[in-house]
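Please open the structure in a viewer and keep the selection panel at hand.

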Amino acid sequence: MSTEQSLARADYPHIATIPTRWADNDIYGHVNNVTYYAYFDTVVNNYLIEHGGLDIVNAPVIGVAVETMCRFSESVAYPETIELGLGVAKLGKTSVRYELAVFRLGGEEAVASGHFVHVFVDRTSNKPVPIPAPIRTALERLMENEQ
Amino acid sequence: MSEIADITCREDFTFWYAMATRWNDNDQLGHVNNVVYYSYFEACVVNFVQTECDNDWMKSPCLPYAAETSCRFLRPVAFPSHLDVGLTITHIGRSSVKYSLALFAQGDEEPSATSEWVHVWVDRNDERPVPIPETAMNAYTRHKK
């Protein structure tokens, strides 16, 4: 579970801004750990929709999460606005592994980092299928490191 | 992620938490959203810490913080399934502990997902790691795989 992952903002080709919400905080007064995965889920799907043309209502091929992980170093809390870094570490025929990191607004070093593996499947048969071309092109752009 | 010890048999878990899925756990694809699995695992872990470790969230001088979590999604579940979440302890350190969990649809022998959680016990005030409290340590030892 301890694959080393970059905490540096410059290593993430795509940065998305997320406003935290009141109910994201738990009894500790921090954003609950589970909620980080909702941020991951949102940032990944937003990217596929905006840059890969994913139609979440009608697309015949959809991404299914098969594995996710997050390591938490420092807490964040509502009402902070945070930034999520997104990159692609591995692009296979039917699957992709995204690397994600959570930054305080303008932060250079991540306060949490993790990964998310999507397998693309036929919406009807649920069987893995090749990643559709427009999505693959968008994902390839996330493999380009800015540095 | 090959380091994840895949504990998948019901017999391997020593602590159980049963729960019902809810309508809004399903996402647009018609099954429980991946994020929600973590809330199921969290409910089991938190229940363990409260009942077995005798932790009082509002008063205890030290508390467990999630340091790392992961999940492998093996097959979908959907509302209105009822779930059994199993827990066992796979590593005990000075301040930290690792839980291995699995989620089963009631009646299933194969898990729908497996998960690992690492808790670090910290001082409530300064949030620095502290040794695992004695009652918690005893509970972890009882449930150690």
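**Guided tour**

Begin with strand 5 of chain A, where Gly114(A) is the bridge partner of Cys70(A). The model on display is a predicted one.

Next, select the whole of strand 2 (residues 61-72) and strand 5 (residues 112-122) of chain A; the two run antiparallel and are joined by 11 bridges. Strands of a sheet pair through backbone hydrogen bonds, either parallel or antiparallel.

**The sheet across both chains**

Strand 2 of chain A and strand 2 of chain B run antiparallel, linked by 5 bridges. Select Met69(A) here: its bridge partner in strand 2 of chain B is Ser70(B).

**The contact between the chains**

Display the residues that touch across the two chains: 18 residues come from chain A and 20 residues from chain B. On the side of chain A that touches chain B, helix 1 and strand 2 of chain A each supply at least two residues. Which element of chain A gives the most to this side? Strand 2 of chain A does, with 9 residues. By class, the side of chain A that touches chain B holds 12 nonpolar, 3 polar and 3 charged residues.

**The helices of chain A**

Select helix 1 (residues 33-52) of chain A.

The axes of helix 1 and helix 2 of chain A come within 9 Å and cross at roughly 110°, which makes the two helices roughly perpendicular. The crossing is right-handed. To view the contact, select Leu48(A), His51(A) and Gly52(A) of helix 1 with Pro134(A), Ile135(A) and Ala138(A) of helix 2. By class, this contact has 4 nonpolar, 2 polar and no charged residues.

**Backbone details in the loops**

Most residues other than glycine have a negative phi, and most peptide bonds are trans. The final selections depart from that pattern.

- Tyr78(A) and Pro79(A) are joined by a cis peptide bond with omega of about 15°; Pro79(A) is in the loop between strand 2 and strand 3 of chain A.
- In chain B, the peptide bond from Phe79(B) to Pro80(B) is cis, with omega near 10°. Pro80(B) lies in the loop between strand 2 and strand 3 (82-92) of chain B.
- Asp54(B) has a positive phi, near 60°, and is found in the loop between helix 1 (34-51) and strand 2 of chain B. Asp54(B) counts as partly exposed, with 13 C-beta neighbours inside 10 Å.
- Glu127(B) has a phi near 60°, also a positive value. Glu127(B) is in the loop between strand 5 (113-123) and helix 2 (134-142) of chain B, and is partly exposed, with 16 other C-beta atoms within 10 Å.

Notes:
Residues numbered from 1 in each chain as written. Chains lettered and ligands numbered in written order. Predicted model: local features only at pLDDT ≥ 70, side-chain atom pairs only at ≥ 80, totals over all residues. Pairing = 2+ DSSP bridges. Helix = DSSP H or I, 4+ residues; strand = E, 2+ residues; numbered from the N terminus. Buried ≥ 20, exposed ≤ 12 C-beta atoms within 10 Å, placed from the backbone. Axes fitted to C-alpha atoms, helices over the stretch in contact; angles between N-to-C directions. Parallel < 35°, antiparallel > 145°, perpendicular 65-115°, else oblique. Left-handed = near helix turned anticlockwise from the far one by under 90°. Contact = placed C-beta atoms within 7 Å. Nonpolar A, V, L, I, M, F, W, Y, C, P; charged D, E, K, R; others polar.
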